[in-house]
Amino acid sequence: CAEYIRFATEVLPAVTPAPATTTATTATKETTATTDGGKSPLQRAIIRGLKTEAAEACAALLQTESPLQIVNGEIVPALDEVGRAYEEKRSFLPQLLMSAEAAKSAFEKIKAHMLVRGGESAKKCKIVLATVHGDIHDIGKNIVGSLLENYGFEVLDLGRDVPAQTVVDCVEKTGAPLVGLSALMTTTLPSMAETVALLREKTP
């Protein structure tokens, strides 16, 4: 019995390897990081088209980073990757639209955050933003709007598929000196030209 006790208390600990919990955990984290390409939770959510996860990840980032940092460092790179995948035919229109919706949910969190802190600085001036009539793509417009709001502009976002007269009415009502128009499809470029012509006619 004495020999068994000595073996259990002295010999066995000396030859038994230490638990590999820490190593395994580290290896798991490294594998995950490698698999995801080192992307953040927000970038992964946008690329995968996960709206709820994107909103939650953005809300978490807003606790430590500015809206501008999140847009430039998180959302834009993720959308760039989505665009490249689409161009290279590694993803298709449904995935593109899902990623756009995920990015939109992140922008909504950013807008809500900026509204809360809106009184911190004086607004520079008003600018009207709109995606022209016949076009429903608004990712670029949303990025520009967030950047402008971050720099103190009062953004009047009319949304997408906006008729020319609606843009003119908003400018006349608010006196906004700046207008930004967005169009992705070449088929809607005439709508942009129509809006610009009407603005020059009605609000020279």
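Q: What does the secondary structure of the protein chain come to?
A: The secondary structure comes to nine helices and three strands, where helices (H or I, at least four residues) and strands (E, at least two) are DSSP runs numbered from the N terminus. From the N terminus on, the elements run α-α-α-α-α-α-β-α-β-α-β-α. The model is a predicted one, in which local features need pLDDT of at least 70 and side-chain atom pairs count only at pLDDT 80 or more, while totals for chains, interfaces and linings use all residues. Residues are numbered from 1 along each chain as its sequence is written, and side-chain values use heavy atoms, with hydrogens and water left out.

Q: Why is Thr188 called buried?
A: Buried means under 20% relative accessible area, exposed means over 50%, and partly exposed lies in between (1.4 Å probe, protein chains only). Thr188 has a relative accessible area of 3%, and is therefore buried. Thr188 lies in the loop between strand 3 (178-182) and helix 9 (189-202). Of the 204 residues of the protein chain, 32% count as buried.

Q: Which residues does Thr188 touch, not counting residues up to four places away in sequence?
A: Thr188 touches Val132, His133, Gly134, Asp135 and Ala183, contact meaning heavy atoms within 4.5 Å.

Q: Why do Lys39 and Glu81 count as a salt bridge?
A: A salt bridge is a side-chain nitrogen of Lys or Arg within 4 Å of a carboxyl oxygen of Asp or Glu. The closest N and O atoms of Lys39 and Glu81 are 3.4 Å apart, so the pair meets the definition. Side chains of opposite charge can pair when their charged atoms come close.

Q: What makes the pair of Lys39 and Glu81 a tie between parts apart in sequence?
A: Lys39 lies in the loop between helix 2 (21-35) and helix 3 (41-48), whereas Glu81 lies in helix 5, so the pair ties together parts that are 42 residues apart in sequence. Lys39 is partly exposed, at 23% relative accessibility, and Glu81 is partly exposed at 25%.

Q: How do you know that Arg90 and Glu88 form a salt bridge, and is each exposed or partly exposed?
A: The closest N and O atoms of Arg90 and Glu88 are 2.7 Å apart, which is within 4 Å. Arg90, with a relative accessible area of 54%, is exposed, while Glu88, at 49%, is partly exposed.

Q: How many salt bridges does the structure hold?
A: The structure holds six salt bridges. Among the residues involved, Lys111, Lys141 and Asp157 are linked in a network.

Q: What makes the nonpolar surface patch, and why does Leu97 count as partly exposed?
A: Tyr86, Leu93 and Leu97 make a nonpolar surface patch of about 280 Å². Patches are made of residues with over 30% relative accessible area and no salt bridge, like charges being joined within 9 Å and nonpolar side chains (Val, Leu, Ile, Met, Phe, Trp, Tyr) within 5 Å. Accessible areas come from the Shrake-Rupley method with a 1.4 Å probe; for residues, only the protein chains shown count as cover. Leu97 has 45% relative accessibility and therefore counts as partly exposed. Its place is in helix 6 (residues 93-116).
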